Amino acid sequence: MESVGGKLHGFWYAFGTHDGYNLWEAPDNVSMAAVALAISGGGALVSFETTVLLTVDETMDALRNAERVQYRAPGA
């Protein structure tokens with residue numbers, strides 16, 4: 001993670017669908033994708049899943065932008 005300018009914030013073992021969870025911070029999505037590809041391509045993991053988290057500011061921007069999206073629900 002550090003090789004792309006990122007940081008590992010924590011690792012936790014868990015019961016359930018996934019055996020472990022990590023919280024990583026990367027400078028951008030492309031850098032994180034590179035790390036994910038390198039780790040998952042190594043063959044040591046059965047599955048690998050990422051979830052992009054948004055900051056509060058990014059969420060507020062998305063909410064403002066949603067007002068401009070023209071969408072009509074099916075059947076409406």
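Biologist: Is Y21 in this structure buried, partly exposed or exposed?

Modeller: In this predicted model, local features need pLDDT of at least 70, side-chain atom pairs count only at pLDDT 80 or more, and totals for chains, interfaces and linings use all residues. Residues are numbered from 1 along each chain as its sequence is written, and side-chain values use heavy atoms, with hydrogens and water left out. Buried means under 20% relative accessible area and exposed over 50%, with partly exposed in between (1.4 Å probe, protein chains only). Because the relative accessible area of Y21 is 43%, Y21 is partly exposed.

Biologist: Which salt bridge partner does R64 have?

Modeller: A salt bridge is a side-chain nitrogen of Lys or Arg within 4 Å of a carboxyl oxygen of Asp or Glu. Side chains of opposite charge can pair when their charged atoms come close. For R64 the closest N and O atoms of the pair are 2.6 Å apart, and the partner is D61.

Biologist: In which helix do R64 and D61 lie?

Modeller: A helix is a DSSP run (H or I, at least four residues), and helices are numbered from the N terminus. R64 is partly exposed at 46% relative accessible area, and D61 is partly exposed at 41%. The two residues are three apart, about one turn, and both lie in helix α2 (residues 56-66).
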